[in-house]
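Hi everyone, thanks for coming. I'd like to walk you through one protein model today, so please have a look at the screen.

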Amino acid sequence: MYAHYEPSEQVFVNREKHLEWMDNALTQCHDQSLVLHLHGIGGIGKTALLEHWKHTIETSLLLDCNRVTHLFDRLEILARNAAQLGIQLRRFDLLWSIRLRFIKGIEPAKEPGRTWAYDVIKPLPFIGSLVNISKAIHTIGGKLKDRLKHKFGDVSDWLNNRLGSEYSEKLLEILWKDPRHAEFLFLDALLEDLNARKNKDLSLLFLFDHMEDVDIERLQWRYRGRNISEVELWFIFLSSLQNVVGVTASRRRLPGHIKESITIEELEVTELDTKSCHQLLAERGVTETNLQTQITSVGGGNPFILHTICDMNELGKLSLDDIESLRADTLEQVRIKTWRRLFNQAKDLSAIIDRAGLLPFFNREIMNIITPTMKSADWDQILHLSFIQDRGDGTWTLHTLARELVLAELGNALPRLVSEVATLLEQAAADSADPTYRGLAISAKILIDEPSAINECCNFAQKLWEEFRLQDAISMINLIPYKTEESHAIIKWLRGQLVGNLYRVAEAEQDFLEALLLFKKFTDKEPEKFLPYLIWTNFWLLNIFSMTSQFVQVEEIIQQNYQLITRLSKMQPEPILGFQDLNNTFLVWHYHRYAHFLMVMERYNEAEAAFKKSYEISQDGLKTDPSYVTDVNLNLYNLILLYLESGRYSEAESTLQEMVSVLSEYFSRRPSEEAELIPLITFGSKYSILLSTGEFEKEIEEFKEIFKSAHKYFDIKTDKRFLWYSTLFFLRLGIMLKRTNRLTEADDAFEEALEFVRIGYEKEPRTFIQIYGMLLNSLAIFQCQQNRISEATSGFHESLNIFRQLADQTPELYLPYLAQAINNYAIHLRQTGNLKQAESAIREALIIRRKRAEKNPDYYLYQVASSLNNMGVILAEAKKLHKARDALFEAYQLRKPLFEKAPKLYSQDYATTLTNLGLIMKRLEKLQKAEQYYQEAISIWEPLVAKAPETYHRYLTQSLGNLAFLHSVKKDSSDAFDSIMKKLQKLGVSSLPKNEVWIENAEEYFRIPD
């Protein structure tokens, strides 16, 4: 085994030309760096040469391109090796630490010589925890720039030269969404650091093994006016280093175009001569001259064969006849015979090696799983075989030729053995959270049926995804040694979805664009198979571009995708990930995504039409395919939200009834217990409408039963959907309990909601951040009313921070949420005596809402009225009575027509403003007008109390109390006063309240997308 030999000149025989070349190169590179490419057939000794130089030349860095497949990972290996040589990588390590912390959300490893950048990057958050990337980049970039200037001026200057004066912000932006630029920047940083090393007189040796595994076909980088591949990228890097010798090894010669602009010397590694063969054999313990001659004659000077024969000799002394029996007409035949003889001779090892050959790597634990009968002596003996290679991380692999021989020799037995090994690994995976075992099982299955194995990989990754184990899914698919371009495209497509959900936008975009190019190529040949992948990839790119607010690209892709979907409709496409009816599924997705885009663009009428079209298609599909139930519910729910946001409550109610009807029909064809899920599915929509009537009391216990029933079918800790529903349920339950004055129970419900949302936020921050902000705001309102001022203030601040960042990122979508949060905070400020701040806050909310209402009055005027009502209260408390009157009267004018149109839905809001108008008129000494407003408000509250006393009792008592105060100052109103006090006594109020009361609109419920 090459990795275990003791380095010495005697180990390498007949390589004087190569060794002499290296000696000369290390001297000549002081003047000009040199690049050498070794090529030769498998097993000829290329890796042995590189390993020899690695062990005998202290300033060498080795990269195995077969083992390390991603460009960033290759960069990290080189950087780690450089740090071990004592080279400080000030530029590279800083960029690398920022990338790990900001993009991947992990702490940089505290490796010797590479911890210096920690103080700079520790304030950086994980990008997936940020709700507003653009604002975060600006804020964090400023802090990062200050730290760099203060502590690392040279790095600051370098970044300034590369990226301009706003380099810190530009750097974070590049890392986030410009992968090709980032890769060039990292290469440049490593290059600059290596060329700026303190001991520049010391020559470095860069060794790249298995260069054939570096992509030479896809021209993904742009350099000096032309597109280049990764192979060319590395040769450009090597040729740009100073006082460096670069050596790459591959089975192939380099294509001519690579050597046109770069000076690269090529050397072939050939068979050993007779003298060298004898010398190698003597080193391996074969000292008898006749035996050496016979082995040399049979082995043809191929080092792999010679070492394999020596392995045989160590297991049992060989005779001349034994060696002669290996002779054949071709080198390949000799290799096969030698291999067979070795394992006929070592039958105990044969089964172990066969199993090891099915995997990309193994260790003792893995081998114990797939070969339960393996003994310690067997393991020790295997590690001494020449074709077992140490990967340097506690795992081993077979030499490439050895693995090829294993697979070839297994022949028809390969499927049986793969099945056995995969089953053992899957059993181990069932008892472990480590995705490695399942990834290795799929890797083995690829050997007999790559398409099926890749499909299994996709399905298992989807399962991990549903369990929040996104990083495990990524780790699993990174193990898969796919061979075909088709598998490459599918794996990139799958990985893009996973990293995209971790908000690693640059990586996701890179994966999707790479997959897109391949799917376009395949679609030309097999459209029925690959057109669905092409369309699906476009849907994901829509998400990526929406995240980065590239709305022009979004609309372009929407239109392009519709053309592709139309083309697909004329075919019978193959299913993907369980989606059978892809034609209709894609149409549903198209109209639904388009509707959301139109909502962001505030084109509401078009959005409504698109949601209805998506619903129409999904409803039709539900007749034969149960998977459409999610789309049906989602479209109807979005329509209900659209109607509620625009005040079209009657349409929202009718849509809810349609939802219940459609789902009831659907579940009537399912197992009876599944019908229990209907209330849970329709719960959000029903609550959204019920919120406006306040008739909660009779529903609370029913809602509790809904949760208990649904809990039987879901695991809260692992099912993202139910974790989401659980958060919403307890948030809504808390609001209902609070409004019906069951305060202790309300507190418990809010705490339950917090527990669930924190679990979700920890697992998928981007998914749960919005509902987290909503819950914090609603809980703060409750805490404020409980006089828990400090807790309320903290909750309001955290909620506002969330919504400000969300609104900064996507204002079209999140400004309404921000305005609502500000509206609620203004009430808190007024109630705690901070009138100046309260007025400033409510004006900000009102400005946002007025601007929205200018474009879409039907959707936003009712929100304007809410803030006007609260502004009137704040201004009145600030003694600005006339301005307060104007604000309240405008609110009254907006709410009155809404009340007249839909009294059931708008009565509470209208009565609130009437009560406040009564109070402001009293303070302006317009007592008759004040009484008129109070009486009208009371006439609205009384029937509401009759229907839902727990909800509306306090509002009626507040209006009656205010009216009693009014009559207490009128000289001719004693009878009226007595009448009012009797009404108050019936409501449980025995004496005149101490103060008159304002009624503000605390909007504790946000329109939450279930």
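Let's start with one histidine. His278 is buried, because its relative accessible area is 19%, and buried here means under 20% relative accessible area, with exposed being over 50% and partly exposed in between, using a 1.4 Å probe and protein chains only. His278 sits in helix H11, residues 274-283. Helices are DSSP runs of H or I with at least four residues, strands are runs of E with at least two, and both are numbered from the N terminus. Leaving out residues up to four places away in sequence, His278 touches Gln292, Thr293 and Thr296, where contact means heavy atoms within 4.5 Å.

A quick word on where this comes from. This is a predicted model, in which local features need pLDDT of at least 70 and side-chain atom pairs count only at pLDDT 80 or more, while totals for chains, interfaces and linings use all residues. Residues are numbered from 1 along each chain as its sequence is written, and side-chain values use heavy atoms, with hydrogens and water left out.

Now the overview. The protein chain has 45 helices and 9 strands. Of its 1010 residues, 58% count as buried. Among contacts with a separation of 6 or more, 69% are between residues 24 or more positions apart.

Which residues touch the most other members of the largest nonpolar core? They are Leu194, Phe206, Trp234, Phe237, Trp493 and Phe519, in a core of 260 residues. By nonpolar core I mean a set of buried Ala, Val, Leu, Ile, Met, Phe, Trp, Tyr and Cys residues joined through side-chain atoms within 4.5 Å. Take Phe237: setting aside neighbours within four places in sequence, Phe237 is in contact with Leu187, Leu190, Leu191, Leu194 and Phe206. Apart from that core lies another, of 60 residues, including Leu291, Ile305, Met374 and Ile388.

On to helix packing. Helices H25 (residues 505-525) and H26 (residues 527-547) have axes that come within 8 Å and cross at roughly 155°. The axes are lines fitted to C-alpha atoms, for helices over the stretch in contact, and angles run from 0 to 180 degrees between N-to-C directions. That makes H25 roughly antiparallel to H26; angles over 145 degrees count that way, under 35 as roughly parallel, 65 to 115 as roughly perpendicular and the rest as oblique. Among the residues making the contact are Phe512, Leu516 and Phe519 of H25, and Phe530, Leu534 and Leu541 of H26.

Compare H3 (residues 71-84) and H10 (residues 230-240), which pack at about 25° with their axes 12 Å apart. H3 is therefore roughly parallel to H10. Here Leu71, Arg74, Leu75 and Leu78 in H3 meet Glu230, Leu233 and Trp234 in H10.

Next, Ile491 in helix H24, residues 485-501. Ile491 is buried, since its relative accessible area is 5%. Ile491 and Ile454 are 37 residues apart in sequence, yet 7.7 Å apart in space, C-alpha to C-alpha. Beyond residues up to four places away, Ile491 touches Ile454, Cys457, Ile477 and Tyr482.

Last, the cysteines. How many disulfides does the structure hold? The structure holds 0, taking a disulfide as a pair of cysteine sulfur atoms within 2.5 Å. Cys458 is in no disulfide, and the nearest cysteine sulfur, that of Cys457, is 5.6 Å away. Cys458 counts as buried because its relative accessibility is 3%.

Thanks, and I'm happy to take questions.
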